[in-house]
Amino acid sequence: MGHDHIRYDILAQDALRGVIRKVLAEVAATGRLPGDHHFFITFLTGAPGVRISQHLKAKYAEQMTIVVQHQFWDLKVTDSLFEIGLSFSDTPEKLVVPFNAIRGFYDPSVNFELEFDVPLADEEEGEAEITAYPLEAVAKTEEAEAGKTEEKKEGSVVSLDAFRKKQ
């Protein structure tokens, strides 16, 4: 197999993080979550650019999951990070989380999930392969709504020659 000089893995990972960025930016603009939507966001606490209190860092040394639902404030979104105010045990905290520190994003109201393979600080600093994908359950839910009960068929590879004009 050839070497990927284009780095599709990085492009796809950036595009999927753009989904999170866009959703959070819309919430920041309106000041509220639409409908029943709410988010579980898991991020690495030791990643570059992450800013959390020493208390939270001590409690969540590697990663933590926050819930953005009813009580949050001062949500600000830039191209590279988001800032949010949340309460932990009745203590207000400001968190700054770069998008590239996010390991997971989940909206249980529509069963949508993205996962990213972000190495922990003590793991090897090799190339992070992309494992970000919409949760399979999204497709299963759509199939159930359409009344399909048969199993999903495996994808097949089709040669482009089948679509070329014959001369």
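The following paragraphs lead the reader through a predicted model of a single protein chain, from its overall make-up to selected elements.

Because the model is predicted, local features are described only at pLDDT of at least 70 and side-chain atom pairs only at pLDDT 80 or more, whereas totals for chains, interfaces and linings use all residues. Residues are numbered from 1 along each chain as its sequence is written, and side-chain values rest on heavy atoms, with hydrogens and water left out.

The chain contains 3 helices and 7 strands; here helices (H or I, at least four residues) and strands (E, at least two) are DSSP runs, numbered from the N terminus. Read from that terminus, the elements follow the order α-β-α-β-β-β-β-β-β-α. Of the 167 residues, 31% count as buried, where buried means under 20% relative accessible area, exposed over 50%, and partly exposed in between, with a 1.4 Å probe and protein chains only. The chain exposes about 11600 Å², and carbon and sulfur atoms supply 52% of that area; accessible areas come from the Shrake-Rupley method with a 1.4 Å probe, and for residues only the protein chains shown count as cover. Among contacts between residues at least 6 apart in sequence, 50% join residues at least 24 apart, a contact being heavy atoms within 4.5 Å.

Helix 1 opens the sequence of elements. This helix spans residues 8-30, 23 residues in total, and reaches 33 Å from its first C-alpha to its last, close to the 33 Å expected at 1.5 Å a residue; the expected span is 1.5 Å times one less than the number of residues. Its buried residues are Asp-9, Gln-13, Leu-16, Arg-17, Gly-18, Ile-20, Leu-24 and Val-27. An α-helix has 3.6 residues a turn, so residues three or four places apart point the same way. The buried residues of helix 1 pack against strand 1 (39-44), strand 3 (73-77), strand 4 (81-88), strand 6 (102-107) and strand 7 (112-115).

Tyr-8 also lies in helix 1, but this residue counts as exposed because its relative accessibility is 52%. Together with Ile-6 and Leu-11, Tyr-8 forms a nonpolar surface patch with about 330 Å² of accessible area. Patches are made of residues with over 30% relative accessible area and no salt bridge, like charges being joined within 9 Å and nonpolar side chains (Val, Leu, Ile, Met, Phe, Trp, Tyr) within 5 Å; a salt bridge is a side-chain nitrogen of Lys or Arg within 4 Å of a carboxyl oxygen of Asp or Glu.

After helix 1 comes Gly-31, which has a positive phi near 80°. The loop between helix 1 and strand 1 holds Leu-33, which counts as buried because its relative accessibility is 10%. Leaving aside neighbours within four places in sequence, Leu-33 is in contact with Val-27, His-38, Phe-39, Val-68, Gln-69 and Phe-72. The C-alpha atoms of Leu-33 and His-70 are 8.3 Å apart, although 37 residues separate the two along the chain.

Strand 4 is mostly covered, with 7 of its 8 residues buried. Strand 3 pairs with strand 4 in the antiparallel sense over 3 bridges, pairing being defined by at least two DSSP bridges between two strands. Lys-76 stands opposite Glu-83 of strand 4, and a hairpin through 3 residues joins the two strands. Strand 4 also runs antiparallel to strand 5 (residues 91-98), to which 8 bridges join it. Within strand 5, Pro-98 is the bridge partner of Leu-81 and Pro-92 that of Ser-87. These two strands form a hairpin with 2 residues between them, and Ser-89 in the turn has a positive phi of about 50°.
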